[in-house]
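Work through the exercises below with the sequence and the model side by side. Try each task before reading its solution.

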Amino acid sequence: MDVINPATEKVVATVALASAEETDAAVERSARAFERWRAVGPGDRARLLRAFAERIDAHLEELAGLEVANAGHPIGQARWEAGNLRDVLGYYAGAPERHTGLQIPVAGGMDVTFKEPLGVVGVIVPWNFPMPIMGWGAAPALAAGNTVIVKPAEWTPLTALRVAEIALEAGLPEDVFQVLPGEGPIAGRRLVDHPSVRKIVFTGSSRVGKELMAACAPQVKRLTLELGGKSANIVFADSDLEKAAASAPYAVFENAGQDCCARSRILVQETAYERFMELLEPAVKGVIVGDPRAEATEVGPLVSAAHLDRVRAYVPDGAPIAFQGSAPEGPGYWFPPTVLAGPGHAGLPAWTEEVFGPVVTVAPFKDEADAVRIANDTAYGLSGSIWTRDLGRALRMARAVEAGNLSVNSHSSVRYWTPFGGFKESGFGRELGPDALDAFTETKNVFISTD
Ligand code: NAD
């Protein structure tokens, strides 16, 4: 398959896609490697993961450059992404020696628990953040003693392929960490159906996530789902409106809106609505959209021509465009940051569906109850932001909004040492943070009689 640079529309590489048979062969290699990897002592497993993290750091610039060419991500952001992979590996490199069970008091003997690795773990990755999302699944899985097969998205396999080479350079034993580019319905689905794959970590669309949940059922296969989002950015009149408006574009347009956490619905208290829109307009127009190789660029192109067509359809002729930012002319899959607002917004598909592009809808609300009602009026529940100077209100809102990752007076929601995941149709299971290892182990209880 030809891999296209979305900023230039030029072919950057050609990648062979794995067949179902090649996927089976990779699973069999992984299952054999598991028997060796689970026996590697915790200290040695930790050392190998630390070496992996260090090698990623040594190749950070190269990996970032590859993501610029493959996904069109701005270079500053791509460096953050490679750094996130390094940090996630580094964080879970601290886990093997600390991954302890319990000793529970019982009569007539001793009771202990073990955290047993599952076996082969399939990590199916979307195209929007190829390196971080690969790391969120792979790093804790490896630390817990599992072997991993990563299936990158069709459009963005290049960094994952390079990371697999770096893993070997770092000393990870052969087949402990494999990367298998392939089509979702072929290689991805085979990982889901193969009985030797004991767990699937899937990040992607809710449509495919639901299909895979059903496909995992016959084998009661363990599954973590990180799916879509339609998150609300809720701005109360008592907040720092300047700060809320200046940051709102970046909460939705970063990565060209191709972010599951994008705050793609801005809800503004009606008494502050007009002032907020006055402040938002220059902020949106100030977003620097352009050549992803340029250091100053904040937003690059969309990932592909097909995705551009999909995003365009959310802004049909006659859509209530309040204002738009800029986008380069010429080759590349560009779409300008776009703000939809005004009467009729609630009838727009962009108001309810995940656009996964640089399109945001703004709507007024009356009071706290109204804000909660609108924010929760979606099948999704991934993230969101709450802007207010009233601490009590901030806490009430944070408890009332049905989403897994909320931020107050900011938009930060993903830190590798805190849990990340969704409510409702945004998925289940939590990645990152101290508890992610539990998603890659079974607790085994053993009673030893002293009689
Ligand atoms: P997608 O569901 O089309 O594809 C995701 C991955 O699944 C790809 O690797 C694809 O090849 C594979 N796949 C597709 N069909 C499959 C099948 N039948 N069996 C097995 N694998 C299959 O999603 P996408 O368009 O690549 O990604 C965008 C979506 O991902 C958005 O909805 C976004 O919200 C979501 N996402 C969620 C999170 C999160 O953490 N919650 C993070 C990033 C992206």
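The model is predicted: local features need pLDDT of at least 70, side-chain atom pairs count only at pLDDT 80 or more, and totals for chains, interfaces and linings use all residues. Residues are numbered from 1 along each chain as its sequence is written, and side-chain values use heavy atoms, with hydrogens and water left out.

**Exercise 1. Describe the surroundings of Ser264.**

Step 1. Ser264 sits in the loop between α9 (241-253) and β11 (265-269). Helices (H or I, at least four residues) and strands (E, at least two) are DSSP runs, numbered from the N terminus.

Step 2. The relative accessible area of Ser264 is 8%, so Ser264 is classed as buried (under 20%; exposed is over 50%, and partly exposed lies in between, with a 1.4 Å probe and protein chains only).

Step 3. Setting aside neighbours within four places in sequence, the contacts of Ser264 (heavy atoms within 4.5 Å) are Lys230, Ser231, Val252, Val359, Val360 and Thr361.

Step 4. With Lys230, the link is also a polar contact between the two side chains, at 3.2 Å. Such a contact is a pair of N or O atoms within 3.5 Å; within protein, one must be able to donate a hydrogen and the other to accept it, and residues adjacent in sequence count only if both atoms are side-chain atoms.

**Exercise 2. Locate Glu9 and Asp175, and state the phi of each.**

Step 1. Most residues other than glycine have a negative phi.

Step 2. Glu9 has a positive phi of about 65°. Glu9 belongs to the loop between β1 (2-4) and β2 (11-14) and is partly exposed, at 39% relative accessibility.

Step 3. Asp175 also has a positive phi, near 70°. Its place is the loop between α6 (158-169) and β7 (177-179), and with a relative accessible area of 17% Asp175 is buried.

**Exercise 3. Which polar atoms of Lys151, Gly184 and Leu227 lie by the ligand, and which element gives the most residues to its shell?**

Step 1. Lys151 places a polar side-chain atom 2.8 Å from an oxygen atom of the ligand.

Step 2. For Gly184, a backbone N or O atom is 3.3 Å from a ligand nitrogen atom. For Leu227, a polar backbone atom is 2.7 Å from a nitrogen atom of the ligand.

Step 3. Two or more residues of the shell come from each of α7 (184-193), β8 (197-203) and α8 (206-216). The most come from α7, with four residues.
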